[in-house]
Amino acid sequence: VQLVESGGGVVQSGGSLRLSCEASGSISSINQMGWYRQAPGKQRDMVAVITNGGSTNYADSVKGRFTISRDNAKNTVYLQINSLKPEDRGIYYCNANLKAKDVYTRRDYWGRGTQVTVSS
């Protein structure tokens, strides 16, 4: 099982970006998927999460600007980022709580991250 993020880059303050993350491999089922951010010198924090039923939760700092969505048929989660601020910069990691076919229990899997840089 692996999670691969894409869509990061350098964007001007106030701009938009769309991140994608696809989970692939021998997957039996996926529960919650989400995005986490790690700014330089800081811990990794939750940005947005979405259940397989479509319920969402956002960090207060991104409400109204970020939108998380998923395509269950493609095992893919997206993060639409609008009105970028300098404090949004960091490495964005994809997370999925899933059950692999050859594993008895479900657990969290992480992608390697995609860098988002905000230029002023």
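**Contacts and the core**

Reader: Which residues does L79 touch, not counting residues up to four places away in sequence?
Author: This is a predicted model, in which local features need pLDDT of at least 70 and side-chain atom pairs count only at pLDDT 80 or more, while totals for chains, interfaces and linings use all residues. Residues are numbered from 1 along each chain as its sequence is written, and side-chain values use heavy atoms, with hydrogens and water left out. Contact means heavy atoms within 4.5 Å. With residues up to four places away in sequence set aside, the partners of L79 are L17, R18, L19, W35, V47, A48, F66, T67, I68 and Y92.

Reader: Which residues have the most contacts inside the largest nonpolar core?
Author: A nonpolar core is a set of buried Ala, Val, Leu, Ile, Met, Phe, Trp, Tyr and Cys residues joined through side-chain atoms within 4.5 Å; here buried means under 20% relative accessible area, exposed means over 50%, and partly exposed lies in between, with a 1.4 Å probe and protein chains only. In soluble globular proteins, nonpolar side chains tend to be buried together. In this model the largest such core has 30 residues, and those with the most contacts inside it are W35, L79 and Y92.

Reader: Which strand gives the most to this core?
Author: Strands (E, at least two residues) and helices (H or I, at least four) are DSSP runs, numbered from the N terminus. At least two residues of the core come from each of β3, β4 (27–38), β5 (44–50), β7 (66–71), β8 (76–81), β9 (90–100) and β11 (114–119). The strand that gives the most, with 5 residues, is β9.

**The chain as a whole**

Reader: How many helices and strands does the protein chain have?
Author: Read along the sequence, the pattern is β-β-β-β-β-β-β-β-β-β-β. In numbers, the protein chain has 0 helices and 11 strands.

Reader: What is the radius of gyration of the protein chain?
Author: The radius is taken over C-alpha atoms, and the globule rule used for reference is 2.2 Å times the number of residues to the power 0.38. For 120 residues the rule gives 14 Å, and the protein chain comes close to this, so it is as compact as a globular protein of that length, with a radius of gyration of 14 Å.

Reader: What share of the 120 residues in the protein chain is buried?
Author: Along the principal axes, the C-alpha atoms fill a box of roughly 45 × 25 × 20 Å. Among contacts between residues at least 6 apart in sequence, 56% join residues at least 24 apart. Of the 120 residues, the buried ones make up 41%.

**Single residues**

Reader: Is F66 buried or exposed?
Author: F66 lies in strand β7, and beyond its sequence neighbours up to four places away, it touches R37, V47, Y58, L79, Q80, I81, N82, D88 and Y92. F66 and K101 are 35 residues apart in sequence and 32 Å apart in space, C-alpha to C-alpha. Because its relative accessibility is 3%, F66 counts as buried.

Reader: Is V10 buried or exposed?
Author: V10 sits in strand β2 (residues 9–12), and apart from neighbours within four places in sequence it is in contact with T117 and S119. The C-alpha atoms of V10 and S69, 59 residues apart along the chain, are separated by 22 Å. Because its relative accessibility is 63%, V10 counts as exposed.

Reader: What is the relative accessibility of S20?
Author: S20 belongs to strand β3 (residues 17–24). Not counting residues up to four places away in sequence, S20 touches V4, E5, S6, W35, V77 and Y78. S20 counts as buried, because its relative accessibility is 19%.

Reader: What is the relative accessibility of M46?
Author: M46 is in strand β5 and, with residues up to four places away in sequence left out, touches W35, Y36, N57, Y58 and A59. The C-alpha atoms of M46 and G7, 39 residues apart along the chain, are separated by 18 Å. M46 counts as partly exposed, because its relative accessibility is 28%.

Reader: Where is S83 found?
Author: S83 has a positive phi of about 50° although it is not a glycine, and at 41% relative accessibility it counts as partly exposed. The place of S83 is in the loop between β8 and β9.

Reader: Where is N75 found?
Author: N75, a residue other than glycine, also has a positive phi, near 50°. At 25% relative accessibility, N75 counts as partly exposed. N75 is found in the loop between β7 and β8.
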